[in-house]
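Here's a quick briefing to read alongside the model.

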2 protein chains.
Amino acid sequence: MARGRAPTVKDVAEHAGVSPGVVSRVVNANGSVSERTRKRVLASIKALDYRPHSAARELRTRTTNTIGLVLADVANPFFAHLAEHVVRHSAEFGLGVLLTTTQEDPAMELRSIELLMQKRVRGVIAAPGTGNAAAWRHMRDLGIDLTFVDRVIDRIPGIDVVGMDNESAAHAATTALLERGHRRIALVSGPSTTSTGRERIDGYRRALGEHDIAENPALVAELAFQRSGVENAVRAMAGLDEPPTALVVGNTAVSAHVVRYLQECGVRLPEDLSVVVFHDAEWAKLMTPQITVVRHQLDALARNAVEMLHSRMNSDEPLRRREIRLDSELVIRSSVAAPRKRRALLET
Amino acid sequence: MARGRAPTVKDVAEHAGVSPGVVSRVVNANGSVSERTRKRVLASIKALDYRPHSAARELRTRTTNTIGLVLADVANPFFAHLAEHVVRHSAEFGLGVLLTTTQEDPAMELRSIELLMQKRVRGVIAAPGTGNAAAWRHMRDLGIDLTFVDRVIDRIPGIDVVGMDNESAAHAATTALLERGHRRIALVSGPSTTSTGRERIDGYRRALGEHDIAENPALVAELAFQRSGVENAVRAMAGLDEPPTALVVGNTAVSAHVVRYLQECGVRLPEDLSVVVFHDAEWAKLMTPQITVVRHQLDALARNAVEMLHSRMNSDEPLRRREIRLDSELVIRSSVAAPRKRRALLET
DNA sequence: TTGTACGCGTTATCAG
DNA sequence: CTGATAACGCGTACAA
């Protein structure tokens, strides 16, 4: 719908009987201007409902107050909370957030990157997927500051990272199960092509090793971040001659599906299976039994990401690459118990 | 971090031995250009890694491919899913999405509006709160196309709306309970200052009326979209001489808290209380019993919103205001049953 | 303290 | 089919 053109500095200047330069100085609290004319200009601005044109300003100053946020799937409660916090903290810095979603699809991620580069965003916060290392590096080389959250692509140096200490978290979760007497502990994790997947598997392994338990490959399932594959993986593990007595789910994208499928199969928690899940989603505390979770500091994660990006954006010095790892907390709930007598997990 | 300036049309033109205008025509598939030079220009673009500068283009063409999305709280699963779908469908149209969050705070909403106006976004999709009717109207008057989702501010004509048929949904939910023999049905809804709150209360009332039941004000709680107030409201209703035997929760922001508090109080579902909740969140099907829900067509909601906005953006004709109401589906699960013998709901 | 003039990168117009 | 030129709205040196 076409409307009358929005007022410009020129209009304001005319209305106030000054020159455009003066108006600019007023709105940007830049150069000096007499109090009298300042008042007059301010009045004209209000009178005309003047609003500086972002694009023009960006063009002239060669900078924006917009950042990009690239996540896999905002419908995933983990990313949803992360997004909410990032948006809130960005607003505190006066930064707008251009949100983009990839569905874990490298092609979509590439399109996101391309969009953000055209928009010349000032910086980007991203939970990177796999396969676009070159594109991310390119982005950084072009001067767009970059902060990775949650995940790392360790092939790319010079990019700040803020994530969780996944190794320790997985270690703690596994150890808690071991200490309750479990010996056959299964792990459903994300792909080991992602940093989070790798780190969580590492922590799991370390815990097993410390208890002199040989790792059983059949008990480790690397699932893509999609619903498909969940049922097969669960059935495969449950159908083993010696099925697991405990399960750690380190893949937030599928954890609800895993738990739901266990329910559907009639697996009783924690009698038949003890369960620990990464991320303290809403449902964890609503279920019966309440699910033991690894609780992340999502707000701190977001705050650090925004702050790191912001500081980097405002310093010409290419600071050394920083990496922050936040501790997670193991919240024991009733889905964890000592193993019971051996029996088949599923009636097949 | 300062980097060498990005290449411009001028650079590309030089490199290809043509004029800037030709380059522009090539990238925009606009005017006509000989195949030979087109190839050459394309090669130069690739060679220099040229990317059109969004801001410059916006300045010149007086238009953007960015829209705003204003929601209350992306951490709320309802809005999270909505956001995901909006972002995805927008991407299909080549639209970037500037996400903003208000926490149901009018002041934050106003800041969002201001940000989006400065950015001169092409259009906005918003679930508007209360108290900024004038600002929204102003935005529309300035030529920014507007589509409201989920909620309506009916004081503002000329703005497209796509929402759910809340009245029917609440009516259906209430009726399902009535038909199972419930007579004392409670309702926890959002503030009646919001359209969704009002409509859901209306539907609830109509259902009661059709069954010749007088409305009991003590059984209707209008809760703000915040956690606080949940416990008091629940306790107040449970403490009545004649406590409700069924409950409809029409406020997605607090529904999980309501259910959790009921659990904590030892209220058994559905024996002590039948429950229906708006929005089919992840946890509804994970709980024991599984919760009966009103399931919305969130993807259709988002798709319609984006499509309406897109069509409006691309037609100079100020089309008549359109309003779309999507049906919701009542998904009966085991949290609903016939009322049992009367007993106190809480041991006080 | 204020005004002027130029350039940011792009596209539309108009001659050639 | 191509090239030159102006203008989009703003900030900023520099001159007044």
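The structure holds six cavities of 30 Å³ or more. Keep in mind that this is a predicted model.

**The largest cavity**
- About 180 Å³ of space sits in the largest cavity.
- Its lining takes in 16 residues, and A:Glu58, A:Lys119, B:Glu58, B:Thr66 and B:Lys119 lie nearest the centre.
- Helix H4 (54–61) of chain A and helix H4 (54–61) of chain B are the elements that give two or more residues to that lining.
- Sorted by class, the lining of the largest cavity has six nonpolar, six polar and four charged residues.

**The second largest cavity**
- Here the space comes to about 120 Å³.
- There are 14 lining residues, with B:Asp150, B:Thr196, B:Arg200, B:Phe225 and B:Thr252 closest to the centre.
- In chain B, helix H5 (77–92) and helix H9 (195–210) each supply at least two residues of this lining.

**Nonpolar cores**
- In soluble globular proteins, nonpolar side chains tend to be buried together.
- The largest nonpolar core has 100 residues, and those with the most contacts inside it are A:Leu247, A:Trp283, A:Ile291, B:Leu247, B:Trp283 and B:Ile291.
- Setting aside neighbours within four places in sequence, B:Ile291 touches B:Leu269, B:Val275, B:Val277, B:Trp283, B:Ala284, B:Arg333 and B:Ser335.
- Another core, of 60 residues, lies apart from the largest one and includes A:Leu69, A:Leu298, A:Leu326 and B:Val162.

**Helix H13 of chain A**
- Helix H13 (residues 298–313) has 16 residues and should span 22 Å at 1.5 Å a residue, which agrees with its end C-alpha atoms being 22 Å apart.
- Its buried residues include A:Leu298, A:Leu301, A:Asn304, A:Met308 and A:Arg312.
- The buried residues of H13(A) pack against several chain A elements, among them strand S1 (66–71), helix H5 (77–92) and strand S11 (323–326).

- Most residues other than glycine have a negative phi, and most peptide bonds are trans.
- A cis peptide bond joins A:Leu269 and A:Pro270, and A:Pro270 lies in the loop between helix H11 (255–264) and strand S9 (274–278).
- The bond from A:Thr288 to A:Pro289 is cis too, with omega near 0°.
- A:Asp49 isn't a glycine, yet has a positive phi of about 60°; at 28% relative accessibility, A:Asp49 counts as partly exposed.
- A:His279 has a positive phi near 85°, but counts as buried because its relative accessibility is 8%, under the 20% cut-off.

Terms used:
Residues are numbered from 1 along each chain as its sequence is written. Chains are lettered from A and ligands numbered from 1 in the order in which they are written. This is a predicted model: local features need pLDDT of at least 70, side-chain atom pairs count only at pLDDT 80 or more; totals for chains, interfaces and linings use all residues. Side-chain values use heavy atoms; hydrogens and water are left out. On a 1 Å grid over the protein atoms alone, a cavity is a set of points where a 1.4 Å probe fits but cannot get out, and a pocket is an open set with protein on both sides within 12 Å along at least five of seven lines; lining residues have an atom within 4 Å of a point. Grid points are joined across faces, edges and corners, and a volume is the space filled by probe spheres set on the points. Helices (H or I, at least four residues) and strands (E, at least two) are DSSP runs, numbered from the N terminus. Ala, Val, Leu, Ile, Met, Phe, Trp, Tyr, Cys and Pro count as nonpolar, Asp, Glu, Lys and Arg as charged, and the others, Gly among them, as polar. A nonpolar core is a set of buried Ala, Val, Leu, Ile, Met, Phe, Trp, Tyr and Cys residues joined through side-chain atoms within 4.5 Å. Buried means under 20% relative accessible area, exposed over 50%, partly exposed in between (1.4 Å probe, protein chains only). Contact means heavy atoms within 4.5 Å. The expected span of a helix is 1.5 Å times one less than its number of residues.
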